[in-house]
Structure formats: structure tokens, C-alpha cells
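Subject: Structure with ligand, for your files

Hello,

My notes on what was found follow below it.

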Amino acid sequence: KKKIIIAIDGHSSTGKSTMAKQLAKELGYVYVDTGAMYRAVALFAMKQGFIKSDFFDKQALINSLDQLSLSFIFNETRGFAEMYLNNENVEDQIRTLEVSAQVSVVAAVSEVRRLLVAQQQKMGEEKGIVMDGRDIGTVVFPNAELKLFVTASAEIRAKRRYDELLAKGEIVSYDEIFQNVVERDRIDSSRSDSPLVKAADAIEIDNSNLSREQQFELILKLAHERI
Ligand code: C5P
């Protein structure tokens, strides 16, 4: 059977990663969450004191990029690969609202993108991969056999994110989350390097009114048509 590359892009908090994870499992493919990589770089910048809410020493981050190593290690119990930053498991630390608030600024830095894109392309060399992010179908794998572009209304996305963080026991307000979702969309879509845009040959899925099951059925069919 032929192995393909499946590129999933779209706005924040559309449930892309849950869907991508499920799809990879079903197909026996590798799943790569590129957002986790940008989040880990943002966490690194925060830990080093290069970025705060009103301050960003971009050059200091660029100069330190060679001291940063990222890897994914599969966790059997959780059933997915967790993010490691310099050999420390940062899977949970990168999902906080603090990191979400800084990540888009860090992800707009060309040197950061160049480094991560090269690593992502390497992971896809053997194909048989489902990768999700913002620029997978446009920049990382412009020749991917299947490209999806996932969206939903900002209100619905913020509500889903709110429920998710609440379930994890994080104390957050809906308004704060809504602002973060809108602000990340704005920065991701307006940056000069690899802005979030739908690739011309991507299939758009607005999941505002789709159940998880309906959406999964749809993408599984699209994948099987190409394998
Ligand atoms: O997917 P997730 O919401 O975890 O991504 C976090 C942030 O990382 C995005 O808001 C975006 O700024 C950045 N990102 C990116 N390119 C990717 C994946 C994520 O710029 N391929």
C-alpha cells in the first residue's frame, strides 16, 4: 500500500490535533504536532527570560537557537508522542495559557521557522505521516497528497478551548481565551514569513457544526481515496 503525507492546517483551537492524532492512529501513521514545537521554543524563550508580556529580545533568542534541542518521545500510557525540550518532558508546560500568549510572536521569527521546518521535513521523508500546524500544506510539504484546512467560528473555538483548560483544572476566563484565540489568528495570518493561509489545493473543513464523528468519517474517506 502506498504511503502518503497528510497536511492539516487551520486556525487555533479547531480540534485539528485531536483529529490528526486519531487519523494517524487509524492509518498506522506517525503523527507530528508542529504547534508543540513552536510552543517548546516559546517556553525556552520564556525560561531564558528572552520574552515577557511586554518585552521580546528576538536577537538573544536567535543567538541561542543552537542550544535548543527538540524531540518527541512516544508515551505508551497516553498513546501519543510527548514534547521534550533539552531532554525535559515539557508536554504539559507548553499547553498553558501563558505559553499560548507568547507563542505566535516567537513563531513569527524567520530563524525559528527555518530551524523547525527543516526538522519537520526530515520527519516526513519516509511519508506515512499526519502533520498539523499552520504552514504544512503551503511550506513544509507543498506536495502533500492530502491537504486539509480546518476552521470554525472564533466563539466556538474559544468555548472548546475554555472547556478543555477548565477540565484540566486551569483557572481561566472565557474572555481571556477568546482574546487569545483572536489575537493568535491575527498574528499567525498577518506575519510576513509563512502566514496562515489556505493552500490553493487544500480542502476546507468548517467544523463549527460537525460532530467529531462526522468530521472523522469525512477525513478518513478523503485519506482512503488517496492511499
Ligand atoms: O497548533 P497550536 O495552536 O498548538 O500552535 C501554537 C502556535 O504555534 C500557533 O498559534 C502559531 O503561532 C504557531 N505555529 C506556527 N506554525 C505551525 C504550527 C504552529 O506558526 N506549523
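pLDDT is the predictor's confidence in each residue, on a scale from 0 to 100. This is a predicted model, and its chain has a mean pLDDT of 96, with 100% of the residues at 70 or more. For the complex, the predictor reports an ipTM of 0.99 and a pTM of 0.96.

On the ligand site: the space that the ligand takes up is the largest pocket. Around the ligand there are 15 residues, and Arg39, Arg113, Arg184, Asp188 and Arg191 are the closest of them. By class, the shell consists of seven charged, four polar and four nonpolar residues.

Which helices each supply at least two residues of that shell? They are α2 (34–47), α4 (97–107) and α8 (174–190). The largest share comes from α2, with four residues.

- Arg39: an N or O atom of its side chain is 2.7 Å from an oxygen atom of the ligand.
- Asp135: a nitrogen atom of the ligand lies 2.8 Å from an N or O atom of this side chain.
- Thr34: here a side-chain N or O atom is 3.0 Å from a nitrogen atom of the ligand.

As for burial, the ligand taken alone exposes 460 Å², and the protein buries 95% of that area.

Regards

Definitions and conventions:
Residues numbered from 1 in each chain as written. Predicted model: local features only at pLDDT ≥ 70, side-chain atom pairs only at ≥ 80, totals over all residues. Heavy atoms only, no water. Near = heavy atom within 4 Å. Polar contact = N/O pair within 3.5 Å; in protein donor to acceptor, adjacent residues only side chain to side chain. Areas by Shrake-Rupley, 256 points an atom, 1.4 Å probe, with all protein chains shown as cover. 1 Å grid on protein atoms, 1.4 Å probe; cavity = no way out; pocket = protein on both sides within 12 Å on 5 of 7 lines; lining within 4 Å. Sits in = over half its atoms within 2 Å of the grid points. Nonpolar A, V, L, I, M, F, W, Y, C, P; charged D, E, K, R; others polar.
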